[in-house]
Amino acid sequence: MVAAVAAAAPAAATEESATLTRPPTGVHSAPVSDAVDRASALRAYADETASCTRCVLSRGRTQVVFGVGNPDADLMFVGEAPGFHEDQQGIPFVGQAGKLLDRLLAGIGLQRSDTYIANVLKCRPPGNRDPMPDEIASCEPHLWRQIELIQPKLVATLGNFATKLLSGKPLGITRVHGQEQEVTLGGNSVLLYPIYHPAAALYTPRMLTVLEQDFARIPELIERAQATTPVTARDEPAPLPAPVQAREAVQLGLF
Ligand code: URA
């Protein structure tokens, strides 16, 4: 679980209440209960995923970039896809965007080891182009399984692709950033919190200011999410909406 967090910052955004149940039908796995078992199941799943060939990106990658951090974290970040450095090192967010993420975390009294960090895609798209819908569809079961096993309380989606996939809605990040909503992900109640992607904020000072403001609310949101009674719909997931096509043309080429 997340260690001590900094003092709560003032609420800056409207809460949008919604009850969504993700992932799509068919990708729920057998429940794994306690934290030690979940951590070891996550390790085993990472090993299995290392040889994934579900989409064409497997042909051009150096390695699968599965995820990094505390397998029992209350706070999880979901980015877009590995870039050049991530593909080389096998770790998400190790380039410039990662350095900014680390700085933002330090600003709220956290380190990346207090969190879990993953991406929508586990393999680098060529030239760091946007993820394609079929790649997202192929890769999303990996992310759902990560969420099922980690059982985060707060999931911060970084940018358009993660936000659209995990919210199940086509609304872009400019419209929904800073607006938390309660959803059910991987059979558990989660506070979903869309924020700008750090790579976008690197080049746009106005976006960086907004990202810093949204980041400042994370400690307060973790506390709120920790206080919420967990949902346990693991054995019998509710009927779900059809998977969304998560691609939209507005995302910038970020890496
Ligand atoms: N951007 C992402 O979305 N993920 C990474 O791992 C690095 C940059």
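In the predicted model, the largest nonpolar core holds 60 residues, of which M76, V78, V120, L154, V155, A156 and Y193 touch the most other members. A nonpolar core is here a set of buried Ala, Val, Leu, Ile, Met, Phe, Trp, Tyr and Cys residues joined through C-beta atoms within 7 Å, and a residue is termed buried if 20 or more other C-beta atoms lie within 10 Å of its own, exposed if 12 or fewer do, and partly exposed in between, with C-beta atoms placed from the backbone. Helix α5 (residues 133-150) supplies the largest share of this core, namely 7 residues. Apart from its neighbours within four places in sequence, A156 is in contact (C-beta atoms, placed from the backbone, within 7 Å) with L75, F77, Y193, I195 and I218.

Because the model is predicted, local features are reported at a pLDDT of at least 70 and side-chain atom pairs at 80 or more, whereas totals for chains, interfaces and linings use all residues. Residues are numbered from 1 along each chain as its sequence is written. The chain contains 10 helices and 7 strands, taken as DSSP runs numbered from the N terminus, with helices (H or I) of at least four residues and strands (E) of at least two. Of its 255 residues, 46% count as buried, and residues 24 or more positions apart account for 81% of the contacts with a separation of 6 or more.

Helix α4 (residues 96-107) comprises 12 residues and spans 17 Å from its first C-alpha to its last, close to the 16 Å expected at 1.5 Å a residue, where the expected span is 1.5 Å times one less than the number of residues. The buried residues of α4 are A97, G98, L101, L104 and L105. Viewed down the helix axis, these buried residues fall within an arc of 120°, so they line one face of α4; the arc is that of the directions from the helix axis to the C-beta atoms. The face turned away from the buried side of α4 carries the exposed residues R103 and A106, while the buried residues pack against α8 (198-203) and α9 (205-216).

Helix α9 likewise has 12 residues and reaches 17 Å between its first and last C-alpha, close to the expected 16 Å. Within α9, L211, D214 and F215 are buried, and they cover an arc of only 100° around the axis, which puts them on the same side of the helix. On the other side of α9, P205, R206 and T209 are exposed. The cover over the buried residues of α9 includes α4, β7 (188-195), α8 and α10 (218-227). R224, which lies in helix α10, counts as partly exposed, with 18 C-beta neighbours inside 10 Å. R224 and L154 are 70 residues apart in sequence and 9.2 Å apart in space, C-alpha to C-alpha.

Around the ligand there are 12 residues, of which G79, E80, E86, P92 and F93 come nearest; a residue is near a molecule if its C-beta atom, placed from the backbone, lies within 6 Å of it. This shell divides into 7 nonpolar, 3 polar and 2 charged residues. F93 is found in the loop between α3 (84-89) and α4, and is buried, with 26 other C-beta atoms within 10 Å. Most residues other than glycine have a negative phi. F93, although not a glycine, has a positive phi of about 55°, and N128, also not a glycine, has a positive phi of about 60°. N128 is found in the loop between β4 (115-119) and α5 and is partly exposed, with 16 other C-beta atoms within 10 Å.

Technical notes. Ala, Val, Leu, Ile, Met, Phe, Trp, Tyr, Cys and Pro count as nonpolar, Asp, Glu, Lys and Arg as charged, and the others, Gly among them, as polar. Two residues are in contact if their C-beta atoms, placed from the backbone, lie within 7 Å.
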